[in-house]
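Reader: Could you walk me through this one? I would like to hear what stands behind each term.
Author: Gladly; here it is.

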Amino acid sequence: MAELLSVDLALERILSDKTRLPAEQVALDDALDRVLAEDITADISIPAFANSSMDGYAVRAADVQNASSSAPVSLRVVADIPAGTFPTIMLRQGEAARIMTGAPLPSGADAVVPVEHTDSVFSQDGMTPPPEQIQVFQALGSGDYVRPAGEDIEAGQRVLAAGTLLRAQEIGVLAALGRAVVPVIRRPRVAILSTGNELTEVGKPLQPGAIYDSNSHTLAGLVRTHGGEAIRIPRALDTQEDVRRRFQQALDAEPDIVISSAGVSVGAFDVVRTVLAELGQVDFWRINLRPGKPLAYGHLGGVPFFGLPGNPVSAMITFDVFVRPVMMALSGRPDSWTTIQVVAGHAFDSDGRRSYLRVKLQRENGLVIATTTGTQSSGALTSMVLADALLIIPEGVRRVEAGAVLEARLLRPIV
Ligand code: AMP
Ligand code: MG
């Protein structure tokens, strides 16, 4: 038997020429879940001005440094500062200004006394004019209940680094800085093609001997899950003409990656092989991987191409192992691949290839225990539905005993 190519070596070859896609400008809200293409430097401070963190009265802290409920300090109210206004007054000794949360402090003031520490009561609608005098029951230090200018962000500061995956909070920061458009890395466009006479598109009646094409939908889901744009091409029949026509259609969509499924196993690939040889340069690899031994990889018209196996679980796992890292390299997304250490709940047999077995995970006494989901047939797609993780049996290992510690690739957050 010819030697199998190791997963790591195959991946190293695949990743060797992959670089980041260019940036594009998108509207702020469309930047969610995208990768920031450039550093973002603040051109304003946030807050832009010192403001009150409470509804209350702006005061000079020195005036009330000895105030208490038994010895209140009386201040004259000289102004009213609702949010959205900018005070022009100068607060002098013995004076206070009614102020709302977020409103700018008047000059001269250096603290805010919350309304509940005064004898004043704010009306619900805030429409009642402030009293002429207030009693302050609480001693204050300079800066109390004041959010200084630049407390959150200083103008000129780098706030977000290129390469950041934008979540709701990053979108909020960009909004607070007034950015309406955001430079993000272009999403990888991935053309997805199924091959096989037996394949029927969902929604159409199933003829005897036929099956529905699930792979192109699974793969489109994976592409989108990993931040790509999926372009499904209609399935190709097992004829040279049709395979050629569909691959050409895939390339016409100007993809960054082309993926096909099926037609790469021995006996199936002659048609596909001929067409791939016409369109580009593709190698047929036998990988030391289970499931997913046959893999075609190369370039078609300069575009990276993956010929994944047809079996639905094999297609998913080879995508995860080989295509996903390419998508990460093109998009700059942080890798979502998380492995944890788990304990084999029973013995597992393997065949010496690196194996990704579908397992359920359960927490027991601070350990995470892995047990099989049942059949490990690469045609049984529900094993991927049941699985919490893929248990990784390393190359060269044919059996692991119960209690062995292994790595597992999480497919969903562990409960
Ligand atoms: P092949 O690589 O063409 O020998 O296909 C291997 C197995 O995967 C066969 O059982 C196919 O019917 C199945 N298969 C191939 N393509 C798909 C697809 N798009 N969706 C579901 N199963 C498929
Ligand atoms: Mg086939």
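Reader: How far apart do the C-alpha centres of domain 1 and domain 3 lie?
Author: The two C-alpha centres are 68 Å apart. Please keep in mind that this is a predicted model, where local features need pLDDT of at least 70, side-chain atom pairs count only at pLDDT 80 or more, and totals for chains, interfaces and linings use all residues. Residues are numbered from 1 along each chain as its sequence is written, chains are lettered from A and ligands numbered from 1 in the order in which they are written, and side-chain values use heavy atoms, with hydrogens and water left out.

Reader: Which domains is the protein chain divided into?
Author: There are domain 1 (7-21 + 187-331), domain 2 (23-47 + 151-185), domain 3 (51-147) and domain 4 (339-410). The bounds come from an automatic or database domain assignment.

Reader: Why is Ser 123 called partly exposed?
Author: Buried means under 20% relative accessible area and exposed over 50%, with partly exposed in between (1.4 Å probe, protein chains only). Ser 123 has a relative accessible area of 26%, so it is partly exposed. Ser 123 sits in the loop between β7 (111-114) and β8 (133-136); strands are DSSP runs of E with at least two residues, helices are runs of H or I with at least four, and both are numbered from the N terminus. From the C-alpha atom of Ser 123 to that of Pro 312, 189 residues away along the chain, the separation is 66 Å.

Reader: What makes a set of residues a nonpolar core?
Author: The set must consist of buried Ala, Val, Leu, Ile, Met, Phe, Trp, Tyr and Cys residues joined through side-chain atoms within 4.5 Å. The largest such core has 38 residues, and Ile 259, Ile 287, Phe 306, Phe 319 and Phe 322 have the most contacts inside it. Its largest share, eleven residues, comes from α6. Domain 1 and domain 4 each supply at least three residues to this core.

Reader: Which residues does Phe 306 touch?
Author: With contact meaning heavy atoms within 4.5 Å, and residues up to four places away in sequence not counted, Phe 306 touches several residues, including Ile 14, Ile 259, Tyr 297, Phe 322 and Val 326.

Reader: How do you know that the largest cavity lies between domain 1 and domain 2?
Author: Both domains give residues to its lining, so the cavity lies between them. On a 1 Å grid over the protein atoms alone, a cavity is a set of points where a 1.4 Å probe fits but cannot get out, whereas a pocket is an open set with protein on both sides within 12 Å along at least five of seven lines; lining residues have an atom within 4 Å of a point. The largest cavity holds about 50 Å³ of space, and among its lining residues are Asp 33, Arg 34, Arg 187 and Ser 331.

Reader: What is the volume of the largest pocket?
Author: About 490 Å³, where a volume is the space filled by probe spheres set on grid points joined across faces, edges and corners. Its lining has 24 residues, with Thr 225, His 226, Arg 409, Leu 410 and Leu 411 nearest the centre. α3 (215-225), α6 (312-331), α7 (382-386) and β27 (405-410) each give two or more residues to that lining.

Reader: And where do the second largest pocket's lining residues lie nearest its centre?
Author: They are Asn 215, Ala 262, Pro 309, Gly 310 and Asn 311, out of 28 lining residues. The second largest pocket has about 380 Å³ of space.
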